[in-house]
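Subject: Handover of a two-chain model

Dear colleague,

Please read them with the structure open beside you.

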Amino acid sequence: MATYADYAPRGLDSWLGAMPEWLGGKLATPARLRRMSDFRGKVVFTEHHEAHAASAFFPSPFASAAILTIDGVGEWATTAYGVGRDNDVELFAELHFPHSLGLLYSAFTYYAGFRVNSGEYKLMGLAPYGEPRYRDLILEKLGDFREDGSLRLDMRYFSYCDGLTMTSDAFHGLFGGPPRAPESPVSAREMDIARSIQEVTELCVLRAARHVHRETGERYLCMAGGVALNCVANGRLLREGPFEDIWVQPAAGDSGGAVGAALSAWHQYYGNPRYTDATGTRTDTMSASYLGPDFTDDEIRAVLNARSIPYDEMHRGDLLRNVAARLASEHVVGWFQGRMEFGPRALGNRSILGDPRSPRMQSVLNQKIKFRESFRPFAPAVLEERAAEFFDLNRASPYMLFAAPVSETCRLRTPPETEGLHGLDRLRIQRSTLPAVTHVDYSARIQTVRRGDNALFYDLITAFDEITGCPVLINTSFNVRGEPIVCNPQDAVRCFARTKMDVLVMGRFLVPRSEAVLRAGASDGTILELD
Amino acid sequence: MERYLNLTSAFGNSPAPLMCASLLFVTAAALGRRRRDWAWTAALGGVAVAGLGIAGRRAPAVIETACDTALAGTFYAALPAAAAVVRALGYDPLQRRSAPRDSYWIPRYYTKQTREQFERAS
């Protein structure tokens with residue numbers, strides 16, 4: 001209401017959009033929860049950033065740590081910091097709406113022609129193709145960016161307070177034109193825009209972390225909020241920041257708020273103790289983020305039989321050897337096993353897998369499997385104890401939340417004739433012995449795999465290593481553009497049928513492409529909007 | 001509301017045109033028999049049924065328009081005046097107009113939620 005009072009008489013469109021949701025939904029949350037479930041107990045509430053902070057600290061491996069949460073907005077706060085100790089979280093200070101690093105990044109996401117609240121990671125992936133041409137302009141004109149990581153945006157350039165878009169005409173004038181139309185070709189301007197805002201974001205995150213370190217004196221940092229999904233900024237923070245170690249909630253966006261709210265109530269409202277790691281192995285309590293539903297072999301078999309889809313049922317060892325051999329032959333494998341991942345990343349249970357050594361695999365996966373933009377990179381899943389052979393990363397990264405450089409020993413000398421290439425043409429350059437997971441700036445968004453977290457996936461990578469000498473696989477989420485990650489066997493069959501994956505593996509069943517698979521995919525007419 | 005929507009959509013689906021046609025026939029017959037009172041009654045009934053039919057067919061849009069109109073009325077009735085007061089008092093709730101500061105971090109009034117705050121909306 002204060003926002004509308006500050007902007008009136010402007011802001012009617014936003015008011016008409018927001019008020020029905022507030023009056024009809026958000027204010028009636030307890031009643032809605034009771035209608036949706038059989039729950040009749042007490043409903044308690046946490047503030048948005050309290051929930052993020054709880055999701056960052058309580059599952060972390062640290063007994064005591066600083067906490068930094070950065071996102072778009074929740075209630076008034078857009079950024080907050082504090083300290084977690086044992087079963088307690090305290091937040092000391094915050095930044096308030098509309099001054100938000102998350103919304104600043106979203107504004108550029110909108111301006112670059114991607115969808116707000118889902119296209120931010122595309123902007124991050126686009127950034128290495130560009131030059132930071134607009135970095136200083138952003139820092140000089142769009143706000144007051146302080147050394148302690150706090151900021152105040154110049155709201156003349158933004159319209160998210162009083163309109164239905166993110167950026168104003170003044171913003172468009174500053175950056176030389178209107179936003180890119182969605183689905184139109186990505187130009188050098190968007191690449192430069194992406195690189196510039198990425199650098200500004202990294203600068204703000206680093207500054208904020210240093211401030212939090214000074215204020216709290218803690219050795220470790222826990223992070224959550226949508227901005228904490230920026231693995232490039234996280235990687236820099238790990239390498240250049242003041243903290244000895246960092247833990248980021250794998251569902252750092254608002255979905256992780258559910259975990260945070262539950263943990264906040266459990267520890268802070270009910271006062272239950274929190275057990276931190278006493279063995280010194282420093283593992284978190286997120287169960288490797290495998291918190292979703294799983295399906296038995298009988299359930300999977302029933303789905304396949306109901307659709308008359310032929311399959312091979314295999315013992316574990318045979319299955320792993322078969323799949324590893326297929327991967328080594330550049331087959332693309334849909335891999336559906338165990339519990340679904342919680343959060344935005346597929347971590348080896350709802351994944352599409354490929355051979356990272358193949359120079360053609362990135363374009364095959366982007367254009368024939370996932371139907372997405374050609375510039376988007378893929379992530380490597382590597383055995384944790386072998387990660388240092390391929391990447392400059394000195395810690396585990398089980399959630400793909402840290403980008404790190406591909407090690408010098410894996411890099412290839414680029415041919416002289418490719419030196420003049422710009423933009424997406426740089427995709428043609430083979431940069432390392434793992435070209436499909438090496439981004440144009442030699443970075444990779446790494447998942448390290450520990451056998452204790454996911455024995456089957458670990459053993460598959462090991463089987464691939466035994467054939468190829470390479471303990472790395474491409475791991476991308478099992479979905480196509482615009483769709484959520486597959487959850488159940490029906491989803492997996494449908495997604496498999498609609499792409500050009502070579503084989504689907506669900507539980508102990510290996511499903512090759514067949515007419516029956518295609519019929520099963522065609523019978524489901526659901527079409528989702530592109531993201 | 002759902003019951004209302006069901007009722008109006010039932011009206012809008014098919015009975016209204018049929019009822020209108022019937023009442024038009026009754027009106028014509030009454031005029032033929034020089035029964036003006038019957039004719040007036042049937043004609044007014046036809047108009048009413050037609051109006052209800054049209055409203056019923058467009059009920060969601062009508063309700064949405066009515067709600068939007070009410071919300072817009074509320075917006076213009078209350079918020080510009082509130083904005084004027086806010087500005088006159090020099091209050092800057094969004095920190096848009098205040099002078100630059102060394103830091104924009106805002107200390108929290110309370111560093112962690114109390115039991116009452118956990119329970120505030122339950």
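E3(A) and strand E1 (residues 106–107) of chain B run antiparallel and are joined by two bridges; strands are DSSP runs of E with at least two residues and helices are runs of H or I with at least four, both numbered from the N terminus, and two strands pair if DSSP finds at least two bridges between them. Within this pairing, Glu94(A) stands opposite Ile106(B) of E1(B).

Before going further, please note that this is a predicted model, in which local features need pLDDT of at least 70 and side-chain atom pairs count only at pLDDT 80 or more, while totals for chains, interfaces and linings use all residues. Residues are numbered from 1 along each chain as its sequence is written, and chains are lettered from A and ligands numbered from 1 in the order in which they are written.

The sheet to which these strands belong is open and has six strands in the order E7(A)-E6(A)-E1(A)-E2(A)-E3(A)-E1(B), with mixed pairing. Its edge strands are E7 of chain A and E1 of chain B, each of which pairs on one side only. Helix H4 (residues 48–57) of chain A packs on the sheet, where it touches E1, strand E2 (77–85), E3 and E6 of chain A, and its direction makes about 140° with that of E1(A); axes here are lines fitted to C-alpha atoms, for helices over the stretch in contact, and angles run from 0 to 180 degrees between N-to-C directions.

**Strand E6 of chain A**

Strand E6 (residues 220–224) of chain A is mostly covered, with five of its five residues buried (20 or more other C-beta atoms within 10 Å of the residue's own, the C-beta atoms being placed from the backbone). Tyr220(A), Cys222(A) and Ala224(A) point one way from E6(A), whereas Leu221(A) and Met223(A) point the other way.

E6(A) pairs in the parallel sense with strand E1 (residues 64–74) of chain A over four bridges, in which Ala66(A) is the bridge partner of Leu221(A) and Leu68(A) that of Met223(A). Four bridges also join E6(A) to E7(A), again running parallel, and here Tyr220(A) has Asp245(A) as its bridge partner. E6(A), H10(A) and E7(A) make a right-handed β-α-β unit, in the sense that, with the strands pointing away from the viewer, the path from the first strand over the helix to the second runs clockwise.

**The contact between the chains**

The contact takes 40 residues from chain A and 32 residues from chain B, two residues being in contact if their C-beta atoms, placed from the backbone, lie within 7 Å. On the side of chain A that touches chain B, the largest share, eight residues, comes from E3(A). The residues of that side divide into 23 nonpolar, seven polar and ten charged, where Ala, Val, Leu, Ile, Met, Phe, Trp, Tyr, Cys and Pro count as nonpolar, Asp, Glu, Lys and Arg as charged, and the others, Gly among them, as polar.

With best wishes

Conventions. Buried ≥ 20, exposed ≤ 12 C-beta atoms within 10 Å, placed from the backbone.
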